[in-house]
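Hi there,

Here is the structure I promised to pass on to you. Have a look at it first, and then read my notes below.

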Amino acid sequence: MSERKIWLLFLSLVFVVVLAACGGNNEPADADTNNNDAGTNNTSDKTNNEADESSGENSEGDYSLAEDQTLIFARGGDSVSLDYASVTDGESSRVTEQIYESLLKFDEDSFEIGPGLAEEWEVFDDGLRFVFQLREGVTFHDGTDFNAEAVKINFERWADPDHEYHFADEGYTYSVYGTQFGGFKGDDGHVIEEINVLGEHEIEFVLNESLGAFLQNMGMSYFSITSPAAFEEHGSAINENPVGTGPFKFVSWSKDDSIVLEKNEDYWQEGYPKLDGVIFQVIPDNSARLTALRSGEIDIMDGLNPDDVEQIESDPGLAIFERETNNIGYLGFNLDKEPFDNADLRRALNHAIDKETLITVLYAGLAEPAKNIIPPSYMGYNDSIDPYAYDPDLARELLDEAGFGDGLEFDLWTMPVARPYMPDPERAAEVMQANLADVGVTANIVSMEWATYLERTEQGEHDIFMLGWSGTNGDPDYFFGNLLHSDAIPGGNRSFYGNDEVDSLLNQAKNSVDEDERAELYREVQEIVHEDAPMIPLVHSIPVLAGSERVKNYVPHLSTSEPLTNVELAE
Amino acid sequence: MISYTIRRLLMLIPVLIGMSLITFSIIHLIPGNPAQTILGEQATPQAIEQLEEQLGLNQPYFVQYGNYMMGLLQGDLGTSLRTKASISSEIWPYLAATIELTIFAMVFAVIVGVNAGIISAWKQNSLFDYTSMLIALIGVSMPIFWLGLLEQWIFAQNLGWLPAFGRGNPRDPVETVTNFYLLDSIINGRPDQLWTSFKHLILPGVALGTIPMAIIARMTRSSMLEVLRSDYIRTVEAKGSHTLSVVYRHGFKNAVIPVLTVVGLQTGTLLGGAILTETIFSWPGVGRYVYEAIGNRDYPVIQSGIIVIATIFVFINLIVDLLYTYIDPRIKY
């Protein structure tokens with residue numbers, strides 16, 4: 001090979017690496033959620049024990065079932081791992097939600113918890129002790145029995161770095177466990193003191209400090225139960241050989257292509273699942289995915305461009321599925337930096353941003369303007385808060401009063417990647433830049449690579465920044481504790497907001513197990529935060545999916561992943 | 001000849017060492033933190049720190065490089081930071097997908113390109129010549145992603161003739177043996193799957209093969225024009241040989257060397273550079289594998305992916321160089 005060719009090869013490789021580096025994180029912004037608005041044949045009472053109808057007819061009878069009951073669900077990226085607890089991406093939990101189940105289960109369209117693998121549960125000692133009665137007669141896909149011992153092994157596996165199934169040497173970490181339960185075995189904040197097997201189907205969790213979100217956590221897909229026999233058999237290869245109790249069994253995984261699941265014939269819920277199988281197909285390009293949907297090659301697609309919604313709605317063969325909103329996109333101030341330590345200035349700027357225009361221009365209307373940082377459906381949402389109205393004249397006046405009548409200049413840090421709560425950050429920044437210019441404020445748009453952006457905002461190098469937060473377990477503490485508590489500095493609290501009163505209210509709410517008390521405390525927090533205005537809450541976005549009209553009973557869940565137990569395909 | 005081959009193979013060693021050193025330096029110079037990327041934007045700083053330590057990312061660069069090279073010398077391509085899978089076993093399906101697509105694209109490019117080039121040269125300044133060279137010009141400058149989307153829109157969405165994505169029917173997956181789907185269908189005795197896999201190759205293959213086809217057509221044409229003007233062709237023609245056979249048998253054989261060079265270089269480029277086609281047609285190939293690894297800062301995957309691609313590139317060039325001697329006995333090493 002001549003020198004020139006080597007040189008050429010080298011140059012092209014350098015080019016590829018540099019190009020990709022500039023592109024930053026290429027994750028598509030479609031870790032989404034949606035909500036079946038069309039009202040298609042949703043039986044609100046999806047009773048678990050409903051007898052299976054012998055004919056091929058569905059329960060409502062106004063459509064006949066297709067012969068091929070295999071659903072193809074297309075998405076932008078592949079799952080990272082099928083060991084749910086060791087990863088955080090939505091593409092992984094979307095699949096593991098079909099294979100695995102947790103002790104409790106969220107309602108079809110809310111974060112209300114109900115029985116899952118545990119039929120009943122009781123709380124003792126002011127939330128320091130929880131006893132779960134487990135469902136009997138449930139078997140894992142490998143034929144072994146589900147019992148209390150299996151639950152204990154799973155939880156100890158995550159908590160204990162020395163556990164034989166922790167797989168620390170293979171690079172496994174369980175960050176969600178650490179976040180939700182205050183760390184790991186031996187850490188100061190770790191709340192689970194011991195787990196006791198009281199009987200074959202009875203298990204007790206003893207905490208050393210009460211945790212308001214404990215039961216919510218038990219419904220998360222991250223804390224599902226894997227067959228202990230599968231750990232024994234597959235070891236750290238459990239991430240490619242999932243064995244659970246869920247409605248679908250794992251068949252095969254061809255990386256960056258498809259994951260094939262088949263019906264679990266022995267599923268404990270009589271007559272379910274309805275589908276014979278599910279295929280999760282990766283189609284990275286948004287337009288190509290839409291083409292595949294329109295040509296009938298796939299049944300549901302995630303990651304729809306908001307601009308394409310109209311096109312889908314006008315097609316009688318296709319349907320839009322909306323997910324209830326579960327996130328917040330915000331513009332945060334750095335309170336550690338002058339002049340943003342001035343609350344009058346922050347309140348003034350709150351009046352300068354036109355959220356409605358943002359929603360029309362960037363979200364195609366699929367978002368709600370935000371006034372609090374938690375989504376409206378959450379426990380403790382304070383609806384009596386009077387939002388800062390968009391009013392440039394008032395903003396100018398308040399700026400003048402705050403001593404910034406001669407103008408103000410700062411850097412507006414703009415996210416380099418699209419996220420569910422912010423589908424087009426660059427355009428959003430331009431809209432807000434124009435809003436700010438209207439009130440005599442100069443905002444210079446600054447952007448950088450994603451991981452760098454996160455690192456530098458965490459260290460407080462910014463003036464004003466764009467970011468957001470998505471819920472996981474439906475508990476308000478996951479938002480407040482991470483975004484506004486001074487313990488989350490450095491960390492999620494990139495506004496560097498520290499208010500002792502808020503901190504103590506949040507601590508109280510975090511440790512209480514009385515729902516009403518918690519809700520009241522959070523409402524109080526929202527009032528203080530509204531007054532302090534450490535950030536401008538922008539929007540709660542509504543992620544959408546598109547699908548064929550043939551897909552029935554599909555209800556997207558807020559958490560971005562939902563079991564397809566009730567779904568069926570019509571002719 | 002044998003000593004030449006051995007010499008060339010030995011040259012591979014410094015090339016690969018240089019390659020690994022350069023890629024290693026570049027990817028560690030890119031801003032970004034794999035631990036942060038793996039855990040996501042909502043991770044706590046403690047979790048990130050812990051993962052960095054676990055993955056050995058807080059060690060000095062030369063230690064990390066040394067560890068990597070030690071593994072590589074033992075034939076271990078490392079472990080993906082993200083999926084925790086061994087790269088040696090993970091990379092093959094991706095590579096096979098890309099090789100299959102590349103071969104298909106190059107077969108298409110060579111058959112169409114060479115013939116168009118020869119006929120254009122033979123009928124120089126004819127309508128055919130002008131048309132095919134215009135098409136070639138468009139082909140060279142056509143953005144692949146646009147061509148791909150256009151193909152999908154016409155042949156998948158509107159006509160419904162060909163599938164828009166993937167390598168086979170997801171409802172009836174090919175049982176993999178070699179991971180070359182055409183070959184696997186034959187091994188499994190499934191003519192229906194052979195046909196399906198072939199249909200899946202057409203759109204991405206044509207999209208990927210268009211640029212090389214255009215380059216080959218232009219190269220063939222200019223190379224042929226030179227040959228057709230030479231004395232011996234005139235002699236052959238004077239002897240009364242049929243024109244087309246003169247062009248193909250006597251002409252092309254002498255014009256083939258530069259064409260072969262282009263084919264070799266293009267094949268190498270396609271192996272690593274099919275990212276766009278692979279993305280649009282959801283083709284699980286090695287280009288996408290490495291590209292996504294860059295986005296995730298999955299260092300071992302980037303390094304090993306590039307080293308594997310580079311090795312194949314070097315081998316293709318070696319094969320092309322050896323083919324010269326076979327085609328033209330005047331060339332000796």
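Helices (H or I, at least four residues) and strands (E, at least two) are DSSP runs, numbered from the N terminus. Read from the N terminus on, the elements of chain B go α-α-α-α-α-α-α-α-α-α-α-α-α-α, with 14 helices and zero strands.

A word on the source: this is a predicted model, where local features need pLDDT of at least 70 and side-chain atom pairs count only at pLDDT 80 or more, while totals for chains, interfaces and linings use all residues. Residues are numbered from 1 along each chain as its sequence is written, and chains are lettered from A and ligands numbered from 1 in the order in which they are written.

The C-alpha trace of chain B spans about 85 × 55 × 40 Å along its principal axes. Of the 333 residues in chain B, 45% are buried (20 or more other C-beta atoms within 10 Å of the residue's own, with C-beta atoms placed from the backbone).

Now, where do the chains meet? The contact takes 56 residues from chain A and 59 residues from chain B; two residues are in contact if their C-beta atoms, placed from the backbone, lie within 7 Å. Helix 1 of chain A gives the most to the side of chain A that touches chain B, with nine residues.

Among contacts in chain B between residues at least 6 apart in sequence, 71% join residues at least 24 apart.

Happy exploring!

Notes:
A residue is buried if 20 or more other C-beta atoms lie within 10 Å of its own, exposed if 12 or fewer, and partly exposed in between; C-beta atoms are placed from the backbone.
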